Amino acid sequence: MSERFTVLGAGIIGVCTALALQRDGHQVTIIDRNEPGTGCSFGNAGIIHTGGCIPMATPGILKRVPKMLLDPEGALVIRWRYLPRLLPWLFKMLAAARPTRVEEICRALAHLSLQARSAYLPLLSEAGASALLRPRGELYVYRTKEAFDAEAWSMQVRRGFGIPVEDLDANAIRDLKPALSPNYQFAHYQPQRLYGESV
Ligand SMILES: Cc1cc2nc3c(=O)[nH]c(=O)nc-3n(C[C@H](O)[C@H](O)[C@H](O)COP(=O)(O)OP(=O)(O)OC[C@H]3O[C@@H](n4cnc5c(N)ncnc54)[C@H](O)[C@@H]3O)c2cc1C
């Protein structure tokens with residue numbers, strides 16, 4: 001039976017939800033206070049994250065924080081004035097980094113992301129946008145064996161979900177990416193990921 005639905009937000013989530021409802025024969029209205037696709041969905045990296053199943057918070061993250069904060073090129077910057085407001089979120093993030101919780105999160109993410117490719121392709125085809133997709137692998141590169149080994153567990157988790165990951169040495173990296181700096185001696189390569197334009 002056809003019903004009427006209202007979807008709030010015309011980003012990728014709202015639009016995909018609306019399309020799925022429409023496909024099932026329902027009438028859908030999308031409401032957004034801004035132009036469609038101008039929120040977070042506008043400025044992302046455009047990766048269709050097939051096999052992305054590792055959360056940001058992982059066991060041992062607390063130990064890595066001081067080094068990240070001291071590194072001017074590190075991935076983490078904290079505005080200290082903002083810290084009191086940030087603390088509750090940080091505590092939740094630490095709780096989410098417990099090994100048992102990480103396991104649950106990995107499973108949930110894998111369940112979602114392994115379907116991303118097959119779910120997304122028909123949508124792109126219907127929109128005449130298939131040409132925007134570039135099927136490429138994903139290469140994680142490391143300068144040291146230590147850094148390579150530190151990621152071994154996350155690659156093992158991916159493999160456990162059937163996501164192929166190859167270990168590459170310096171020669172194999174150069175074959176794949178000749179222009180990459182020779183500083184990178186080790187890599188993990190995930191051949192199945194799809195790259196496209198952001199929405
Ligand atoms: C730097 C960066 C890189 C990323 N790279 C990737 C990537 O490579 N691959 C990937 O899969 N994901 C990536 N992401 C994540 C991805 O972009 C988001 O998960 C996704 O865009 C979220 O979509 P959304 O529809 O939920 O949100 P949005 O695109 O932000 O849409 C939400 C919409 O809701 C509207 N809205 C909100 N509140 C109201 C209201 N009260 N009334 C009316 N309208 C409202 C907003 O105006 C907005 O248009 C990245 C994110 C960032 C920040």
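**A tour of the pocket and the ligand**

By class, 29 nonpolar, 6 polar and 11 charged residues form the lining of the largest pocket. Here Ala, Val, Leu, Ile, Met, Phe, Trp, Tyr, Cys and Pro count as nonpolar, Asp, Glu, Lys and Arg as charged, and the others, Gly among them, as polar. This is a predicted model: local features need pLDDT of at least 70, side-chain atom pairs count only at pLDDT 80 or more, and totals for chains, interfaces and linings use all residues. Residues are numbered from 1 along each chain as its sequence is written, and side-chain values use heavy atoms, without hydrogens and water.

Select Met56, Arg64, Met68, Ala75 and Glu151. Of the 46 lining residues, these are the closest to the centre of the largest pocket. Its volume is about 1800 Å³.

Next, select α2 (61–70). With 8 residues, α2 gives the most to this lining.

Now go to the ligand.

Show the backbone of Cys40. A backbone N or O atom there lies 2.8 Å from a ligand oxygen atom. For Ile12 the backbone N or O atom is 3.2 Å from a ligand oxygen. For Gly46 that distance is 3.3 Å.

Methods: Polar contact = N/O pair within 3.5 Å; in protein donor to acceptor, adjacent residues only side chain to side chain. 1 Å grid on protein atoms, 1.4 Å probe; cavity = no way out; pocket = protein on both sides within 12 Å on 5 of 7 lines; lining within 4 Å. Points joined across faces, edges and corners; volume = space filled by probe spheres on them. Helix = DSSP H or I, 4+ residues; strand = E, 2+ residues; numbered from the N terminus.
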